Amino acid sequence: MRHRRGEGMSVVVVNAGIGNLGAIPNMLKRLGTAARITADAGEIATADRIILPGVGAFDAAMQSLVDLGLIEVLNHKALDERVPILGVCLGMALLGAGSEEGRLPGLGWIAGRAIRFQPDDDGPPLRIPHMGWNYVRPTDSGALFAELGASPRFYFAHSYHLVCDDQADVAGMTRYGHPFVSAVHRGNISGIQFHPEKSHRFGLQVFRNFLAGLADG
Amino acid sequence: MAEPMSPGADLPEGVPIPRVIPCLLVDDEAMVKTVRFSSPRYLGDPINVINLFNRFEVDEITLLDIGATRRGDPPPFELIERLAAECWVPLAYGGGIRNIEDVRTVLSSGVEKVVLGTVAHDQPELITAAAEVYGAQAVVVSVDVRRTAAGFEVFVECGGRAVGTDPASYAQRAASFGAGEILVVSIDRDGTMEGYDLELIRTVSEAVNVPVIACGGAGERAHLPIPIREAGASAVAAGSIFVFRGPERGVLINYPEREQLEALFA
């Protein structure tokens with residue numbers, strides 16, 4: 001671990017131009033880490049930790065990353081430098097190959113695609129979006145969930161979820177009608193479907209784990 | 001790949017933990033509480049109140065400016081930004097939103113969701129525009145309802161204008177325009193603490209496939225799980241019980257302990 005608790009570390013929150021980014025730096029500030037919101041490839045190139053948030057539509061977010069010229073630097077950081085990267089909410093879906101919601105390819109770092117929640121055949125009708133607090137059951141590789149107990153709860157707000165091709169990538173599961181993958185992890189690359197920045201002490205611990213590099217490896 | 005979902009097989013049952021949402025009203029930057037949408041009573045400084053709820057780790061907060069639309073004012077952006085910066089739980093804001101620029105300003109200041117009321121009726125295409133950019137989960141449409149001689153009727157402009165529609169078809173229309181959530185409010189029960197209007201909530205939750213938040217009438221903590229158990233709501237919101245205590249309704253910001261909530265909803 002090169003860094004402790006964010007000191008001297010450059011943390012960036014990638015700004016794809018949509019939605020609510022201020023809440024993430026506000027949360028990191030509670031951990032004593034000054035994160036910068038940026039859409040600048042140069043600034044991302046020197047980052048030690050990268051947070052890739054996202055709300056809204058899949059294609060809009062991918063197109064925005066393309067238009068901002070960030071795909072190359074993100075690929076380099078993720079795949080060559082292997083810097084810890086955390087996709088949040090739609091940012092987790094972006095890690096996959098694509099989404100039922102759109103036509104553009106995703107970043108393709110995690111094998112899998114996002115699909116829309118399916119109504120249960122046998123259960124009561126599933127209201128979509130999945131909105132509110134729910135439990136995450138970390139898998140063994142879920143180092144993002146260190147110090148959080150067996151079933152930490154987080155705030156979710158989404159209609160699509162990632163389906164992993166390789167079960168080894170699954171870092172956490174949640175049930176909404178049926179179980180779905182709520183966190184992924186592959187080496188330095190992690191994704192979480194929920195909003196840590198709005199999940200008070202639980203979210204704070206996830207950020208703490210991410211900054212400490214617990215999920216890196 | 002035989003059991004691709006097996007890691008989650010032992011997860012707690014199918015629905016998320018029902019949200020219990022303090023619904024807070026501001027008017028001219030002061031926090032107030034109304035009865036049947038009128039006689040606002042001053043409660044205190046919104047920043048202090050939000051900070052207390054924050055500390056209680058509430059599930060979510062809904063903040064409504066009840067004066068902005070009436071005065072023709074924009075949302076109080078600066079106040080919203082200051083509140084959002086303090087808020088580490090999900091925050092929804094409504095009141096005075098007129099167009100997509102207002103939606104953008106509110107959402108980019110650290111708020112998760114906008115609540116569209118009057119504007120959702122007058123310009124429903126704004127629901128669609130906001131949902132296309134920010135996702136349906138960021139767009140709540142509020143449905144304020146009175147019982148009249150004609151049955152349930154939807155009102156906008158803080159109860160000031162009837163729109164001539166019943167809540168079920170109104171909510172359906174809002175969802176078809178792209179609303180990700182419906183906040184159904186009983187004007188008759190607001191501030192009365194007589195309990196939720198279950199018939200109203202049921203008519204709306206049966207009409208739509210998006211989550212429904214029930215609001216209006218909660219008078220004791222035991223009321224909170226009832227709309228979820230008996231009327232199909234996904235979440236409950238309440239004002240009075242979280243800001244008043246005792247028969248004299250002294251101002252006391254409060255929220256159930258987590259264990260208490262779990263027992264209530266068990």
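**Helix packing in chain B**

Mentor: Start with H1(B) and H3(B): B:Pro46, B:Ile47, B:Ile50, B:Asn51 and B:Asn54 in the former meet B:Leu79, B:Arg82, B:Leu83 and B:Glu86 in the latter. Contact here takes C-beta atoms, placed from the backbone, within 7 Å. It's a predicted model, where local features need pLDDT of at least 70 and side-chain atom pairs 80 or more, while totals for chains, interfaces and linings use all residues. Residues count from 1 along each chain as its sequence is written, with chains lettered from A and ligands numbered from 1 in written order.

Trainee: At what angle do H1(B) and H3(B) pack?

Mentor: About 25°, and their axes are 9 Å apart. H1(B) is therefore roughly parallel to H3(B) (under 35 degrees; over 145 is roughly antiparallel, 65 to 115 roughly perpendicular, the rest oblique).

Trainee: OK, and how do H7(B) and H8(B) pack?

Mentor: H7(B), residues 167-177, packs on H8(B), residues 198-205, at about 40°, with the axes 8 Å apart. So those two are oblique to each other.

Trainee: Which residues make that contact?

Mentor: B:Pro167, B:Ala168 and B:Ala171 come from H7(B), and B:Leu200, B:Thr203 and B:Val204 from H8(B).

Trainee: Switching topic: how many residues does the contact take from chain A and chain B?

Mentor: 41 residues from chain A and 38 residues from chain B. On the chain B side, H3 (77-86), H4 (100-108) and H6 (125-134) each supply at least two residues.

Trainee: Which one supplies the largest share?

Mentor: H6(B), with three residues. Helices here are DSSP runs (H or I, at least four residues), numbered from the N terminus.

How values were computed
Contact = placed C-beta atoms within 7 Å. Axes fitted to C-alpha atoms, helices over the stretch in contact; angles between N-to-C directions.
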